Amino acid sequence: MSVEAYGPSSQTLTFLDTEEAELLGADTQGSEFEFTDFTLPSQTQTPPGPGQAGPAQGQGPPGAGQGAPGPLEAQVNGPDGILQNGAVDENVAKTSQLLAELNFEEDEEDTYYTKDLPVHACSYCGIHDPACVVYCNTSKKWFCNGRGNTSGSHIVNHLVRAKCKEVTLHKDGPLGETVLECYNCGCRNVFLLGFIPAKADSVVVLLCRQPCASQSSLKDINWDSSQWQPLIQDRCFLSWLVKIPSEQEQLRARQITAQQINKLEELWKENPSATLEDLEKPGVDEEPQHVLLRYEDAYQYQNIFGPLVKLEADYDKKLKESQTQDNITVRWDLGLNKKRIAYFTLPKTDSGKDTWAVSLAFFPPSFADMRLMQGDEICLRYKGDLAPLWKGIGHVIKVPDNYGDEIAIELRSSVGAPVEVTHNFQVDFVWKSTSFDRMQSALKTFAVDETSVSGYIYHKLLGHEVEDVIIKCQLPKRFTAQGLPDLNHSQVYAVKTVLQRPLSLIQGPPGTGKTVTSATIVYHLARQGNGPVLVCAPSNIAVDQLTEKIHQTGLKVVRLCAKSREAIDSPVSFLALHNQIRNMDSMPELQKLQQLKDETGELSSADEKRYRALKRTAERELLM
């Protein structure tokens with residue numbers, strides 16, 4: 001529809017850019033452009049015809065006198081026809097003041113667990129109902145009995161991760177300020193505590209599982225030990241003991257994930273006053289790159305796996321170095337090799353069992369404590385006043401077993417050892433980075449040298465598509481190796497496949513014969529005559545088992561082990577390199593020097609040099 005349809009009296013619409021003019025009629029630049037006034041077009045104004053001029057500056061609408069402005073014009077331009085800037089500024093100031101006085105308050109529920117919380121608030125989520133929180137006597141922190149986003153309650157999560165066991169209830173809770181402990185022996189290990197209903201229905205008695213709950217004397221008090229139940233069930237405290245927060249309370253609380261809990265617990269080890277907000281600081285919550293299924297090159301492979309190896313090394317180091325034990329009593333002895341041996345026993349928990357082992361009933365074994373192995377290095381320190389301060393390094397030659405709980409370490413050097421005293425010793429576990437250094441070295445070599453492995457393995461490791469390779473070899477007519485049990489169909493198929501492939505993976509549950517199958521593969525590889533076969537395994541026990549099976553086939557086997565494990569006995573000790581060298585009849589001079597070293601403890605400089613040269617010759621002869 002055209003404009004002409006409205007007739008000749010239709011008013012042309014005029015659009016003014018308010019962003020540029022800001023205020024209509026303002027004479028802000030009057031002095032510069034010599035403008036004294038301008039007016040708004042009126043809806044009653046007749047548009048100028050051809051040859052007719054429009055309204056002039058300072059001229060009102062038709063029918064109005066020039067000295068009597070209309071209401072709109074008077075309102076905009078002021079009584080003098082000019083907008084007063086002072087009045088506008090005053091209006092703007094009033095409006096700004098009113099806006100400043102407005103208070104925009106957040107919903108109370110949104111700020112309930114982010115505002116200042118009482119000291120007894122849960123260190124994870126902020127819930128602070130006295131009936132729902134528990135105080136950890138070791139870490140001096142409060143935690144609630146709610147699960148939140150985790151599989152267990154926050155208090156049990158903390159106790160397990162921080163290896164704590166003693167708690168106190170809040171004074172304003174239903175049971176008052178109570179330290180949970182065994183009524184009979186005073187044991188405070190909550191992972192061992194349980195309850196038995198007493199004669200009165202409203203009374204329960206807390207007893208530890210061993211030995212108090214199993215004592216026959218309980219029958220004399222009319223306590224039925226068969227009714228004993230643990231205080232912690234389904235990874236949280238019983239609700240009558242510590243109230244479980246309602247679902248609404250947990251939803252309103254600060255949300256924290258299991259991953260954040262792990263990082264916060266690690267942060268507390270260095271900074272006990274750290275909070276969840278500290279995880280947001282740069283460098284605290286940096287996640288390593290995710291492992292990929294396919295890598296562009298070996299550099300990308302190293303950049304992803306290198307930080308993961310370092311994380312594992314840092315965790316292993318922190319775990320071992322945190323295992324310091326004080327007030328150790330030592331029993332001294334002298335070994336057959338004239339080296340000093342120290343025997344000691346690590347302290348037990350209340351029930352004679354390790355607290356951490358008990359807590360594994362509530363959490364997966366991924367949190368398992370460090371296990372002491374033969375060959376581990378230990379630092380023994382004397383901190384008493386009966387002898388000078390002393391420190392010695394030794395390796396473990398005996399660990400607790402069915403015959404005793406003693407640990408024995410053989411010292412590298414017994415110089416200055418306070419063998420006349422037995423008390424006030426300290427035990428530190430020595431962390432060795434050898435394994436992790438080798439991993440990092442292998443990753444670096446793999447990244448810079450493509451020839452460090454075959455092309456097939458190189459591309460396989462990077463996840464590239466590689467054409468299947470078949471190795472041409474003479475397959476045996478009988479796959480079962482001599483001295484080993486007969487193979488079943490799947491084991492024969494595995495042996496046959498491995499012998500024809502450059503890289504293979506054999507998987508199977510325990511008891512399916514993987515060790516026998518592996519020993520059979522080694523037997524056939526050695527029979528092909530392509531050189532010595534190197535057999536590796538992730539643990540010393542696994543290597544010993546493979547060594548024993550391979551030895552049963554009649555092959556020549558040499559068990560290599562670290563120097564720290566040479567004194568450790570095993571079922572295949574006679575196959576160890578150092579023991580085979582001792583029994584070599586072809587080198588009588590080496591045997592004489594070895595005997596002299598065993599008797600005196602050391603050799604002269606010339607004899608030591610000769611001894612090492614003969615030993616290297618013997619090693620080469622055995623390994624060829």
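Author: The account below begins with the basis of the model, turns to the helix pair and the loop, and ends with individual residues elsewhere.

This is a predicted model, in which local features need pLDDT of at least 70 and side-chain atom pairs count only at pLDDT 80 or more, while totals for chains, interfaces and linings use all residues. Residues are numbered from 1 along each chain as its sequence is written, and side-chain values use heavy atoms, with hydrogens and water left out.

The protein chain has 18 helices and 15 strands; helices (H or I, at least four residues) and strands (E, at least two) are DSSP runs, numbered from the N terminus. Of its 624 residues, 34% count as buried, where buried means under 20% relative accessible area, exposed over 50%, and partly exposed in between (1.4 Å probe, protein chains only). Among contacts in the protein chain with a separation of 6 or more, 58% are between residues 24 or more positions apart; contact means heavy atoms within 4.5 Å.

Two packed helices are described by the angle between their axes and the distance between the axes. For helix H14 (residues 514-527) and helix H15 (residues 540-552), the axes come within 9 Å and cross at roughly 55°. Axes here are lines fitted to C-alpha atoms, for helices over the stretch in contact, and angles run from 0 to 180 degrees between N-to-C directions. H14 and H15 are therefore oblique to each other, since angles under 35 degrees count as roughly parallel, over 145 as roughly antiparallel, 65 to 115 as roughly perpendicular and the rest as oblique. The crossing of H14 and H15 is right-handed; a crossing is right-handed if the near helix is turned clockwise from the far one by less than a right angle, and left-handed if anticlockwise.

From H14, Thr515, Val516, Ser518, Ala519 and Val522 meet Gln545, Leu546, Lys549 and Ile550 of H15. The residues of this contact divide into 5 nonpolar, 3 polar and 1 charged. Ala, Val, Leu, Ile, Met, Phe, Trp, Tyr, Cys and Pro count as nonpolar, Asp, Glu, Lys and Arg as charged, and the others, Gly among them, as polar.

The loop between H12 and H13 holds Pro485, which is partly exposed, with a relative accessible area of 46%. Pro485 touches Thr480 and Val516, not counting residues up to four places away in sequence. Pro485 and Thr520 are 35 residues apart in sequence, and their C-alpha atoms are 9.7 Å apart in space.

Arg478 is found in the loop between helix H12 (455-461) and helix H13 (489-499) and counts as exposed at 54% relative accessibility. Beyond its neighbours within four places in sequence, Arg478 is in contact with Asp486 and His524. The side chains of Arg478 and Asp486 are joined by a polar contact of 3.1 Å; a polar contact is a pair of N or O atoms within 3.5 Å, and within protein one must be able to donate a hydrogen and the other to accept it, residues adjacent in sequence counting only if both atoms are side-chain atoms.

Elsewhere, Glu377 is found in strand S12 (residues 377-382) and counts as buried at 11% relative accessibility. Its side chain makes a polar contact of 2.3 Å with the side chain of Arg412.
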